[in-house]
Amino acid sequence: MASLPRRRSQGPTKETEGMSRPVRIAPSLLSADFAFLAQEARSVTDGGADLLHFDVMDNHYVPNLTVGPLVCAALKPHAMVPIDVHLMVRPVDALIESFAQAGASLITFHPEASDHVHRSIQLIKAKGCKAGLVLNPATPLSVLDHVLGDLDLVLIMSVNPGFGGQAFIPSALPKIRALRALIDSSGLPIEIEVDGGVKPDNAFELGAAGADILVAGSAVFGAADRAGAIRAIRERAEEGARQRGA
Ligand SMILES: O=C(CO)[C@H](O)[C@H](O)COP(=O)(O)O
C-alpha cells in the first residue's frame, strides 16, 4: 500500500512560517471517460494530481451505479498516486477487504451505511488502509464524537452524494471551519477532505476554511487544460490557507 503523506495538526513553526500549507488535489474519476480510464488517470497524475478519487456507488445507498473492486484493481498499475476510495454503498463492511486488496490506500464510508461505525473503521485499518468517515450535507459533526481519534480523515460532502457536476452547497463552509477548529483543538493529525462542486472559484474559501484535500471531478476532467485546472485549484486553496494563517 502506498502510504499517504501525513502532517501533524499544528500551527506554523519557525521552519514553516511564511510557507504555504500544502493542499492536495484528488480528481474524481466519476467525471472521467470510463472507456479510457487508465489514460484519463494518467492525464491527471501527469497534471499534478496527488490522489485519484474513486467513487463507488451502489444504486441503493445513492441513486447511481458505478464501479467495484475489479475496476480498482485494473486501474491500480496505472495509478501513479494513491487511490482514494469513497464507498457510497450499504452495507460497507463486505467491500472493505476487496478494495484493500484492489489497491486502495484510503477508504472512506458513510456512517449511515454502517451498522457498526467503529468496527468498519477498524476493519479498514486492519487491512492496511487509511480510514475516513464521510459526512453528507445534513449529517452533523456530532457523528464524530466517539470515533474522531480513530480516523485518519474526515470527508465533508458539499453536494448530496450520487452525481458529479452538482452545485456546491454553501453550508459546507461553516461546517469545514467548525471541523478544522475541532481537529486543531484535538491536536490529532486528521485531514479534512472536501468533495462536491469544487472549482477554482471556491478553492480560496475552502483553503481558508481549513480543507487539506480537495476532490474535483467536472472542474478537472471538463477542463481543456487539466493540469491548469489542478494548479488553479491548488494555488487558490493554498492562498486561502495562508490567509487563515495555516
Ligand atoms: O462523490 C461525488 C459525488 O457523489 C463526486 O466525487 C463529486 O461530486 C465530484 O464531482 P464534481 O467535482 O463534479 O462535483
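Leaving aside neighbours within four places in sequence, V154 is in contact with G132, L133, L135, L144, L179, I190 and I192. Contact here is two C-beta atoms, placed from the backbone, within 7 Å.

Before I go on, this is a predicted model: local features need pLDDT of at least 70, side-chain atom pairs count only at pLDDT 80 or more, and totals for chains, interfaces and linings use all residues. Residues are numbered from 1 along each chain as its sequence is written.

Back to V154. Together with I107 and L214, V154 touches the most other members of the largest nonpolar core, which has 78 residues. A nonpolar core is a set of buried Ala, Val, Leu, Ile, Met, Phe, Trp, Tyr and Cys residues joined through C-beta atoms within 7 Å. Buried is 20 or more other C-beta atoms within 10 Å of a residue's own, exposed is 12 or fewer, and partly exposed is in between, with C-beta atoms placed from the backbone. In soluble globular proteins, nonpolar side chains tend to be buried together.

Now α5, residues 172-186. Helices are DSSP runs of H or I, at least four residues, and strands are runs of E, at least two, numbered from the N terminus. The 15 residues of α5 reach 21 Å from first C-alpha to last, close to the 21 Å expected at 1.5 Å a residue; the expected span is 1.5 Å times one less than the number of residues. A172, L173, K175, I176, L179 and I183 are buried. Seen down the axis of α5, these fall within an arc of 155°, so they line one face of the helix. The arc is taken over directions from the helix axis to the C-beta atoms. They pack against β6 (153-157), β7 (191-195) and α6 (200-209). On the other side, P174, A181 and S185 are exposed. Just after α5, G187 has a positive phi of about 75°.

How do α5 and α6 cross? Their axes come within 8 Å, at roughly 30°. That makes α5 roughly parallel to α6, a label for angles under 35 degrees. On the α5 side the contact is made by L173, I176, R177 and R180, and on the α6 side by E205, L206 and A209.

Last, α8, residues 226-244. Its buried residues include I230, I233 and A237. Seen down the axis, the buried residues of α8 fall within an arc of 170°, so they line one face. Among the elements covering them are β1 (24-27), α1 (37-46) and α6. G245 follows α8, with a positive phi near 90°.

Key:
Axes fitted to C-alpha atoms, helices over the stretch in contact; angles between N-to-C directions. Parallel < 35°, antiparallel > 145°, perpendicular 65-115°, else oblique.
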